[in-house]
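Please keep the sequence and the structure at hand while reading.

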Amino acid sequence: MGDDLSGQQAAFQGAQDLRTGFYAVMTELQAELATASEDIAVREAVLKSAMSDMKATLQGGIGASVLRAEHPLARHMIGFNAELAQLLQGWLDRVAKHDRTMAFRSGFTDSLVVFVLGKVKAGKSSLGNYMVYGNSNPDAAARASSRARFFTAATAGDQQDQANSAQPVDWFRVGVRETTSATQGFHLPGLTWIDSPGLHSTTWENGLLAADYADVADLVIYPMHTGNPGRTGDVAEIRGLLRARKRVLVVITQCDRPEEDEEPDGTIVQRWVMKDSAARQGQIDYVRHAVAEGGASIPLDVVSLSVRHAETHGNDPAALERSGVADFFRALTKIAHSEGVRHKQEAPSRNLNHFVGLLLGDDTGPEAFSVQAIRNGLVRLDRRLADVTKELDRGAERATAAVLRRIGPMVAEKIARYADNQDQDGFEQACTTALRHIVAEETGTTVLPLLAQTGAILPANDFARTAAFASMKIETVRIPRSNRGVRGAVGSAGGGAAGAWVGAEGGALLGTAILPGIGTTVGFMVGGALGALLGGIGGNAAGRATGSDWHETMQSGDNRAEVEASATEALQKAGSAGVAAFFENLHAATVAPVARDADRLTAKLDEFSHILATKVRSHG
């Protein structure tokens, strides 16, 4: 009997030594953790200020569009602003979650926070009870002697669960419908142990609560039932924890089985024996391999244990070794003793860095609520703006060509109406008015399908200062006039007749008296001819001397062809300039405001990213 008592005492002492050694390390650690996160408050204050500024920017979006709602750019802007609103809400949800976890952590800055996370019925509560009492389901007497200070952090589930969890607790309830309906835990010097509602709990709020509070942990213990370790959901959760730079210890629980035996008196008894060590090692290897297949490169600690086997065998040293409980305490002690300070110092910073990574988009995983997501949206928006610019350029080319085609016929019609009356002012005014209508019609053909409204955005073009046309002129010729020729002919005829009579008489006298032999008749004829010649010459000279010369001016045509060419050239230049100005106004009303908002948002994103990367994220 004395030997049995000595054996029980030794076994109890063995269990006590494991736990005592672990908690001694925790007590030493407590003092070293007092100032572990002093810079976090400053960095988080900077983050909150930057988030507040960014919130105002995102709420403004990229403004409204004057384009018709069915236009591709307008549709894209509506979608982009909706994405910004969704992203902003995602950020606000993240900030609320981060604030909640940081507020929760603020009470545990002097202890190592161990968060037990896993699916329901994985043995989480039993493991927590064993940590305090060396028993998975302690009785009232054992609970009365505990130094642990239990607490309830939050409740979820139905009213009965909330009422139960609101009662003072000194252990984790085991075996109820939803084992943990609240985030419960206990404090011991240097250690805060949190037992969470299970992931994918039957109560939706509990599962969400578990995921939220995983962020606060320095160490996550992830229990898995030995009946089905390494399930797809468990592996995915562990990968996510490792991706978030969490230290994870996987515990495969209940690795024992019942075995019947017969006592000497014939009584059949049931004992719990550990599963084959090779099978247990196979499960450990399987879990490690499954997690590593997802690309996780961080070493994963895995232990296989059964607290039931240890406690049903009196927690003797051999049972502790067989059950894997000894390995579990050694792993905890190693983490606390060799890595505890570093992990505790790094955990808040690591959590904040992870949050910054989510915001910047360099650590988002499958999520899209990040600065990078906005930048990607801005790239798509920029392509849309380039498409609209090209669309407007093509519209300007079509409108210009149509205006130029109509100007020539219009000018020809106006000059035909006004040239005969030499009405320069009427011609120019009619051309200018017609040009204004032509430009309005051709640009309107392009614009009306695009814009929701045009009047206040695109004022009518003013062609009042169109370059002056060539002035209308009457073309004339100058014709010389004279009456000297007529008067000379008359004098010539008179002089010839008189000369002929005088010459005849003289010739007869000459032929009779002076030149005998010629004769009177011949002398008369010769003298008459000669007298007529000389008299005509003299008469003509006398007649021309009394005549005069002058010029007459006559209309030969006008310069309407020159005026038409000049007006056509001037109006074509004015029309081209008018169309160009119109489409510049259109671009300024449709593309430019969106581009300015996009540039403003880009600049704000650059500023926000710089603050996150240099003032919030730790590079230590």
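## Length of helix H18

The expected span of a helix is 1.5 Å times one less than its number of residues. H18 has 25 residues and should therefore span 36 Å, and the 34 Å between its end C-alpha atoms agrees with this. The model behind these values is a predicted one.

Which residues of H18 are buried? They are Ala592, Val594, Ala598, Leu601, Leu605, Phe608, Ser609, Ile611, Leu612 and Val616. Arginine 596 also belongs to H18, but this residue is exposed because its relative accessible area is 52%, and the cut-off for exposed is over 50%. Between the C-alpha atoms of arginine 596 and isoleucine 62 there are 8.5 Å in space, although 534 residues separate the two in sequence.

## Packing of H17 and H18

Helix H17 covers residues 560-590 and helix H18 residues 592-616; their axes come within 3 Å and cross at roughly 40°. The two helices are therefore oblique to each other. On the H17 side the contact is made by His587, Ala588, Ala589 and Thr590, and on the H18 side by Ala592, Pro593 and Val594. Sorted by class, this contact has 5 nonpolar residues, 2 polar residues and no charged ones.

Two of the contact residues on the H18 side, Ala592 and Val594, are also in the list of buried residues of that helix.

## The chain as a whole

The protein has 18 helices and 11 strands. Of its 620 residues, 44% count as buried. Among contacts with a separation of 6 or more, 78% come from residues 24 or more positions apart.

## Salt bridges

How many salt bridges does the count give? The count comes to 16. Three of the residues involved, Glu321, Asp327 and Arg330, are linked in a network. Aspartate 327 and arginine 330 are separated by about one helical turn, because they are 3 residues apart in helix H12 (residues 325-360).

Another salt bridge joins arginine 406 to glutamate 441, with 2.8 Å between the closest N and O atoms. This pair links distant parts of the chain, since arginine 406 is in helix H13 (residues 371-418) and glutamate 441, 35 residues apart from it, is in helix H14 (residues 424-447). Arginine 406 is partly exposed at 32% relative accessible area, and glutamate 441 is partly exposed at 43%.

## Loop residues with positive phi

Most residues other than glycine have a negative phi. Arginine 245 has a positive value, near 65°, and is not a glycine. This arginine is found in the loop between helix H8 (232-243) and strand S6 (247-253). With a relative accessibility of 47%, arginine 245 counts as partly exposed.

Asparagine 315, likewise not a glycine, has a positive phi of about 55°. Its position is in the loop between helix H10 (307-312) and helix H11 (317-323). Is asparagine 315 buried or exposed? Asparagine 315 is buried, with a relative accessible area of 10%.

## Lysine 246

The loop between H8 and S6 also holds lysine 246. Lysine 246 is buried, as its relative accessible area is 4% and the cut-off for buried is under 20%.

Which residues does lysine 246 touch, not counting those up to four places away in sequence? These are Ala214, Asp215, Val216, Ala217, Val220, Leu241 and Asn351. For asparagine 351, the separation from lysine 246 is 105 residues along the chain and 8.7 Å between C-alpha atoms.

Technical notes
Residues are numbered from 1 along each chain as its sequence is written. This is a predicted model: local features need pLDDT of at least 70, side-chain atom pairs count only at pLDDT 80 or more; totals for chains, interfaces and linings use all residues. Side-chain values use heavy atoms; hydrogens and water are left out. Axes are lines fitted to C-alpha atoms, for helices over the stretch in contact, and angles run from 0 to 180 degrees between N-to-C directions. Helices (H or I, at least four residues) and strands (E, at least two) are DSSP runs, numbered from the N terminus. Angles under 35 degrees count as roughly parallel, over 145 as roughly antiparallel, 65 to 115 as roughly perpendicular and the rest as oblique. Contact means heavy atoms within 4.5 Å. Ala, Val, Leu, Ile, Met, Phe, Trp, Tyr, Cys and Pro count as nonpolar, Asp, Glu, Lys and Arg as charged, and the others, Gly among them, as polar. Buried means under 20% relative accessible area, exposed over 50%, partly exposed in between (1.4 Å probe, protein chains only). A salt bridge is a side-chain nitrogen of Lys or Arg within 4 Å of a carboxyl oxygen of Asp or Glu.
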